[in-house]
Amino acid sequence: MNLFNDCQINWLAIASSNDLLELLQLASIQRAIVGAALMGILGGMLGSFVTLRQLSFFSHAVGHAALVGVALGVLLQINPTLMLLPFTLVFGVIVLYFIDKTDLASDSVLSIVLSGALAIGLILTSLIKGYRGNLMAVLFGDILAIDTTDLILTLLVLVGGSIFLLSTLRQQILLTLNPDVAQVQGVPVQLYRYAFVVLLSLAVAVAIKAVGVLLVNAFLVIPASTAKLMSHHFSRFLVMSVIVGSISSIAGIMVSGLFNLASGPSIVLVQFLLFVAVFVWFKFSLKAA
């Protein structure tokens with residue numbers, strides 16, 4: 001029996017007993033919690049820049065186009081996660097290049113490339129015969145199936161992204177708020193744009209296993225949007241986004257285990273409910289004031 005089925009059986013047993021301590025003793029749950037925390041921090045940090053730079057559709061396109069990488073991995077009998085990393089990286093850079101080199105609006109370029117990649121992915125998927133468990137797990141998310149390699153990859157992307165963004169934070173903020181002024185002040189705008197796209201593409205690749213291709217964009221956007229409701233000061237906004245991302249991810253894992261629900265949708269559902277709660281709280285608190 002494969003890891004996916006083993007995890008599902010354990011999941012059902014724990015959910016029926018509703019025993020949180022027993023849940024936390026499982027090695028798969030412990031890895032899932034660590035992975036959720038790392039991915040939540042990574043998603044919150046990058047999501048802050050994604051929302052302010054209006055790159056939500058870009059991350060959406062990269063996530064959905066990753067279906068090609070997943071299908072290729074299954075067809076070639078290679079770990080889909082290992083196929084996702086180079087594919088999303090190349091795809092993200094190519095899309096940004098197309099946007100820079102054409103006169104079309106960025107959303108038009110993204111729609112064209114996304115449609116083409118998604119069509120290729122669906123065709124490749126139709127060629128897959130027999131068991132499709134690995135494909136479905138990546139499409140819809142299964143954070144219980146993450147292993148030590150996934151944790152290491154996530155940690156490397158998180159550390160590399162943190163070093164890059166925090167060491168150039170002033171330039172990143174300036175680039176986010178006014179790219180023209182950043183260009184005049186000598187900020188290497190194109191270099192930073194491509195570097196961020198590389199980082200974003202890698203983040204999407206490592207997060208897909210947790211929340212799936214279909215929900216990875218929400219994983220990046222919702223925590224940052226929630227944090228933006230709470231603070232308009234960039235530093236506080238960035239910190240709040242990281243906190244919301246990590247806490248909501250861990251809470252989603254707990255909800256998933258206790259109620260025997262799919263992990264990816266559970267994480268995003270918790271993030272969505274938190275967003276609604278914060279929105280309602282601030283809306284009524286401002287009215288009361």
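This is a predicted model: local features need pLDDT of at least 70, side-chain atom pairs count only at pLDDT 80 or more; totals for chains, interfaces and linings use all residues.
Visitor: How many helices and strands does the protein chain have, and what makes a run count as one?
Guide: The protein chain has 14 helices and zero strands. Helices are DSSP runs of H or I with at least four residues, strands are runs of E with at least two, and numbering starts at the N terminus.

Visitor: Why is Met 39 called buried?
Guide: Buried means under 20% relative accessible area, exposed means over 50%, and partly exposed lies in between (1.4 Å probe, protein chains only). Met 39 has 3% relative accessibility, so Met 39 counts as buried. Met 39 is found in helix H3, and its C-alpha atom is separated by 8.5 Å from that of Leu 155, 116 residues apart along the chain.

Visitor: Why does Ser 249 count as buried?
Guide: Ser 249 is at 0% relative accessibility and therefore counts as buried. Ser 249 lies in helix H13 (residues 234–259). Of the 289 residues of the protein chain, 49% count as buried.

Visitor: Why is Gln 54 called exposed?
Guide: The relative accessible area of Gln 54 is 70%, so Gln 54 is exposed. Gln 54 lies in the loop between helix H3 (27–52) and H4. Phi of Gln 54 is near 55°, a positive value in a residue other than glycine.

Visitor: What makes Arg 193 and Asp 100 a salt bridge?
Guide: A salt bridge is a side-chain nitrogen of Lys or Arg within 4 Å of a carboxyl oxygen of Asp or Glu. The closest N and O atoms of Arg 193 and Asp 100 are 3.2 Å apart, and the pair forms a salt bridge. The pair links distant parts of the chain, with Arg 193 in helix H11 and Asp 100 in helix H5, 93 residues apart. By this rule the count comes to one salt bridge.

Visitor: Why are Arg 193 and Asp 100 placed in the partly exposed class?
Guide: Arg 193 has a relative accessible area of 24%, so Arg 193 is partly exposed. Asp 100 is at 29% relative accessibility and therefore counts as partly exposed.

Visitor: What makes a set of grid points a pocket, and what is the volume of the largest pocket?
Guide: On a 1 Å grid over the protein atoms alone, where a 1.4 Å probe fits, a pocket is an open set with protein on both sides within 12 Å along at least five of seven lines; lining residues have an atom within 4 Å of a point. The largest pocket has a volume of about 380 Å³. Its lining has 17 residues, of which Arg 53, Gln 54, Leu 55, Leu 96 and Arg 193 lie nearest its centre.

Visitor: Which residues make the nonpolar surface patch?
Guide: Leu 269, Phe 272, Leu 273, Val 276, Phe 279, Val 280 and Phe 284 make a nonpolar surface patch of about 640 Å². Patch residues have over 30% relative accessible area and no salt bridge, and nonpolar side chains (Val, Leu, Ile, Met, Phe, Trp, Tyr) are joined within 5 Å. Val 280, in helix H14 (residues 263–288), is at 35% relative accessibility and so counts as partly exposed.

Note on methods. Residues are numbered from 1 along each chain as its sequence is written. Side-chain values use heavy atoms; hydrogens and water are left out. Grid points are joined across faces, edges and corners, and a volume is the space filled by probe spheres set on the points. Patches are made of residues with over 30% relative accessible area and no salt bridge: like charges are joined within 9 Å, nonpolar side chains (Val, Leu, Ile, Met, Phe, Trp, Tyr) within 5 Å. Accessible areas come from the Shrake-Rupley method with a 1.4 Å probe; for residues, only the protein chains shown count as cover.
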